[in-house]
There are 2 protein chains.
Amino acid sequence: KAGWSDVDIRAVDTARVLAADAVQKTGNGHPGTAMSLAPAAYLLYHNVMRIDPADPHWLGRDRFVLSCGHSSLTQYIQLYLSGYGLELDDLKALRTWGSLTPGHPEVGHTTGVEITTGPLGSGLASSVGMAMAQRRQRGMFDPNAKKGSSPFDHHIWVLASDGDIMEGVTHEASALAGHQELGNLTVIYDQNTISIEDKTEISFSEDVGKRYEAYGWNVETINWRGDGNGSTYVEDVDALLAACERSRSASRPTLIILRTIIAWPSPTKQDTGKSHGSALGDAEIAGLKEALGFDPKKTFEVGRDVITHTRRSLKERAKAAKKEWDVDYKAWRKANADGAALLDRLVAKELPAGLDKAVPSFPADAKGLATRAASGKVLTALADVVPELWGGSADLAESNNTTMDGQPSFIPTGKQTREWSGGPYGRTLHFGIREFGMGLILNGIALQGLTRPYGGTFLVFSDYMRAAARLAAIQQLGVTFVWTHDSIGLGEDGPTHQPIEHLAALRVIPDFDVVRPADANETAAAWVAILRNDRPAGLCLSRQALPTQDPKVAKIANVAKGAYILREASTGTPDVILIATGSEVGLAMSAAEALEKGKIATRVVSMPCREWFERQSKSYQEKVLPTAVKARVSVEAGVPMGWRELVGDAGEIIAIDHFGASADAATLFREFGFTPEKVVAAAKKSL
Amino acid sequence: KAGWSDVDIRAVDTARVLAADAVQKTGNGHPGTAMSLAPAAYLLYHNVMRIDPADPHWLGRDRFVLSCGHSSLTQYIQLYLSGYGLELDDLKALRTWGSLTPGHPEVGHTTGVEITTGPLGSGLASSVGMAMAQRRQRGMFDPNAKKGSSPFDHHIWVLASDGDIMEGVTHEASALAGHQELGNLTVIYDQNTISIEDKTEISFSEDVGKRYEAYGWNVETINWRGDGNGSTYVEDVDALLAACERSRSASRPTLIILRTIIAWPSPTKQDTGKSHGSALGDAEIAGLKEALGFDPKKTFEVGRDVITHTRRSLKERAKAAKKEWDVDYKAWRKANADGAALLDRLVAKELPAGLDKAVPSFPADAKGLATRAASGKVLTALADVVPELWGGSADLAESNNTTMDGQPSFIPTGKQTREWSGGPYGRTLHFGIREFGMGLILNGIALQGLTRPYGGTFLVFSDYMRAAARLAAIQQLGVTFVWTHDSIGLGEDGPTHQPIEHLAALRVIPDFDVVRPADANETAAAWVAILRNDRPAGLCLSRQALPTQDPKVAKIANVAKGAYILREASTGTPDVILIATGSEVGLAMSAAEALEKGKIATRVVSMPCREWFERQSKSYQEKVLPTAVKARVSVEAGVPMGWRELVGDAGEIIAIDHFGASADAATLFREFGFTPEKVVAAAKKSL
């Protein structure tokens, strides 16, 4: 039983009133859910979750995910009541410039927020990644401890809304969570059946509980609505607490369907779409305050007894939990010196020494190999050196070369297959054909904090997971998206599978690095640079073999700069510069040879990552692309957009601005104008 | 009962052998599913579907959707056997340059293909749109006919794979199909439990039937595998036929779970991932042929009796069905002169006359209104004039202004809500919070051929539905995506909701028009131009009010050209040109005024659609943007990428290259540098 005192109940009602007041003051926002979910949120912070406001990054803390991010007040008010650092003035500054209380929760911006949410479905999907990471981390550090006894045991708690449940990505992630038997995950689904178009019945009538049972989840339903009519509304927090406690020791993920009335107990706007995303208005708020015994003339009214109680009681609860955990943690450190050293390195966000030496080097070779194949070799070489690195593919392991040779699959023991062995603490991830889910799960893994995830699919399907890449960028997570089959060079699968616009479309995402290595050595170097940067990156790799360039030039120091002189003009001063990426670098090298035969001094710049190059000093940029050299040609098997910036008015752009076709790669490159002759002609035109 | 003769069975086995041979000849492709699904596909073409190879665009035909598009041979071989125009040489040319048999089926390229598929989930999701469109079309033309008696009645048949079922978008579309009670939709789900990573159990263990029951579908399971072991494999086509026939008269969509063995009866590669996406090899194919009584030394062996029988029997069946339908159709035309006239117009892909006059005109007004609000008024004005136009929103009707005032909702009668009334033949669509599903459903509606669909969400969530926009572009469908809240101007919802990179990211999609009107009149003009073009377009609209410019200039004739001179320089010869789109046009106008005060002759070019402008004559382009004027400034509240092409080396770009923030719009525009002063300074720098 929750055992709430009158002051706890007053605290919950205070949360409702603060939500209404804050939205009213700003003039916009989402009051309804913050009001009706106030008891559930308070219960989580004060009775359920193992957290410590004084140590918000505590290794052993439970995680809280507000998947319905529009209801950010649900979290902000609890952070205020719990003592995470938010004060009344912060709530008053809701959704205003520079405030700690932006429209949607932002990790790294507001203490106590674990994840940036808002785009519906994303929080729930990423929570599955958090739960997977918790299990993997436990497996890395404390695999033999009894369940619940390890300092690495903790639980993921999610509040989700009708919108989250409708989104396709929660299907993907929830199906995988059920498959993975993630007993460390509890989703409280606020089934208030109201969204922006009012009653969700207009578009949403599925049996959600049955659907989640089909995924293999435990499903519990707690119906505060009674017969659905507000007159019988009873917020039975004891029942919710009991369900939460059951879920903590479950062997499968739990969905708690909590049937609420949005904006309860707002007198006329409860249970309506009007209370979802608009200020309630002064009259309605006055009615609300009267109903709850607050002074309708006051705003942001918080009793001193309330705030004193909520902060003190949580502090005491946290202290006790922390003390208990510290004993376990110290014992673990003592017994696991190697593990403790590794943990300290990971907490410090440091990489192991000797990364440069760990990756393979490939001799120059005209035949070469596909960069996806090179990437597979690099990952295998890194396996023992970088234990925090793990990942897999959305059912394209063999095509994406995302498996580190010999590493076990991350899979319940009973779900191993003839092709894949492993266990619950394994390392090779199998996402199924669920690209967007994969992307958000990768984000969740990175948010969990100790490991470094990657996940693969075809580059064309970056479209499916684009919103995940964007959220990785917004949150600045060290996630690597491995996107292979990165051009028409994939050949016969045709236009639906050939990325044309994707390199450009990904480059426009702010704070996201698009990396397209030209050969095996650039691929190895790219992995090292990506790991060192610890930023979101998309690694775009070829299906087809690419010639291996001189390893003394295509090396980490150069690749990490984003662009470098792969081949200097014979005279030392170029007449023309060819700028190429990925599979087109070899083409540029052939063209350069032909140009030089014609006495045109030609420099080839390999540009594996524009974003990295843009972060270099102006002097380095000038060295690689001297302003004086106006004759420039870019060569990339993608749309032209973006290249004018680099080649200038006088430059030429070799690109493809239409969909591809189904044929072998050699035919496509020839038919679509990616030939040395075309590059030579463009260079001459540019001169 | 199917009543297959020996020659029918031989035809099915011929299909298996052709699939193996075709992939082997090309050296790559997907033989396994085409082999094991051969009986199901043959049954559909020869016993189930109402189709006529001689009239592939027959208005009354059933539709076939191969959602597992990688198994294109499943369809190509049936098109060959059925007499749709494909011959053996086409099968031999599988996946080669210029062939009629590309890697994945392409509508408009191969006769008999109704939809381009390949990206998993997309076919199934679009089939839901086809089923919705069938119901809407029936409602427009023949609402009172008894079920099954109307020439507008037909059925949608889908073959789907494990991958389709895993994808999030099929969750979204299937949930909506169940909600909409689409009895005209049957999905045969080929549950072969093999994907590229071999046994799907590695990532996929949900109870699919239960999940679809939760959506409100009829679910039938037909288990050809028996106990799962190949030795008891029985292809019971009679059971499948009976399930198909039941589904044709159902009042809800039907999922037939067909448990098969992939690549059956390939001797050693059946039931393995190796048979999914690779050539089987000569030895394996020899074994297959021996097992089926074919000569292992021959390739592409088709008995003359087989091809004669399959084409003739289907021809006869088609003739009978067509005859029956013609009677109904003629009777309907006779009784419905107005309907017939409308139908003829729609079949001819013509628009009604007087579209220019039908849309409202807005007087110049410094305060103006939001372009999303203008769009709502335009849609309402078009409602009676363009009956084929219909659409809705992914739960943002009020925000997207996508509802034509007074039009009924498209919804089963029992699912009307207090806010939305309507019926099964209604016009206002409610997609729920399912953006990607919405996008693919819109494509399916457009593919159905008679109506013109649109669907709305926030521009930032174009990321969720990007793969749908791409498929609309590949298929050149007349779909309009209404994307509102198109910049930081949406304000307080903050970075997760503020599109920054989206305009650029959408512009890079080939054959897709990104339209961003500057005011109410440009919005009206944009709708007219979009309808006339009948191409995929994204209409990007503001949340905030925008000043209404001179309606005599911001008019259809100008807007349809993609860019035009909104304000000419006082001297008639500009010193500088400001190029702006959407909400930044007003800003450019203010800046121009300031520049002119400083004696700098300034032209303002409004550019609502770059793609339309690029399709104009060089002379028109030169008129608007004379080469001689090098001083140019672009102004758009999005990333800079792409603008260098238009402003040149000497130009300046006013843009935003980082994520937004949560605050009111005015603050954001000011803080992020969208002010007349900044534009003036940039113009001076450019001079």
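This is a predicted model: local features need pLDDT of at least 70, side-chain atom pairs count only at pLDDT 80 or more; totals for chains, interfaces and linings use all residues.
**Cavities, domains and the chain interface**

The largest cavity has a volume of about 100 Å³. By class, the lining of the largest cavity comprises six nonpolar, two polar and four charged residues.

Counting cavities of 30 Å³ or more, the model has 10.

Next, the domains of chain A. Chain A is divided into domain 1 (6–320), domain 2 (355–548) and domain 3 (561–686). Between domain 1 and domain 2 of chain A, the contact involves 36 residues from domain 1 and 31 residues from domain 2. The C-alpha centres of these two domains of chain A are 34 Å apart. About 2,800 Å² is buried between domain 1 and domain 2 of chain A, with carbon and sulfur atoms giving 65% of that area. On the domain 1 side, Arg135(A), Arg136(A) and Glu172(A) supply 22% of the area buried against domain 2, more than any other three residues. One salt bridge is counted between domain 1 and domain 2 of chain A. A salt bridge joins the side chains of Glu181(A) and Lys415(A), with an N to O distance of 2.9 Å.

The interface between the chains remains. Here 110 residues of chain B are in contact with 109 residues of chain A. The two chains bury about 9,300 Å² between them, and carbon and sulfur atoms give 58% of this area. Within chain B, the residues that lose the most area to chain A are Trp97(B), Glu197(B) and Arg470(B), which together account for 9% of what that side buries. Between chain B and chain A there are 14 salt bridges. Arg470(B) meets Glu501(A) in a salt bridge between their side chains, at 2.7 Å from N to O.

How values were computed. Residues are numbered from 1 along each chain as its sequence is written. Chains are lettered from A and ligands numbered from 1 in the order in which they are written. Side-chain values use heavy atoms; hydrogens and water are left out. On a 1 Å grid over the protein atoms alone, a cavity is a set of points where a 1.4 Å probe fits but cannot get out, and a pocket is an open set with protein on both sides within 12 Å along at least five of seven lines; lining residues have an atom within 4 Å of a point. Grid points are joined across faces, edges and corners, and a volume is the space filled by probe spheres set on the points. Ala, Val, Leu, Ile, Met, Phe, Trp, Tyr, Cys and Pro count as nonpolar, Asp, Glu, Lys and Arg as charged, and the others, Gly among them, as polar. Domain bounds come from an automatic or database domain assignment. Contact means heavy atoms within 4.5 Å. Buried area is the accessible area (1.4 Å probe) that two parts lose on being put together, summed over both. A salt bridge is a side-chain nitrogen of Lys or Arg within 4 Å of a carboxyl oxygen of Asp or Glu.
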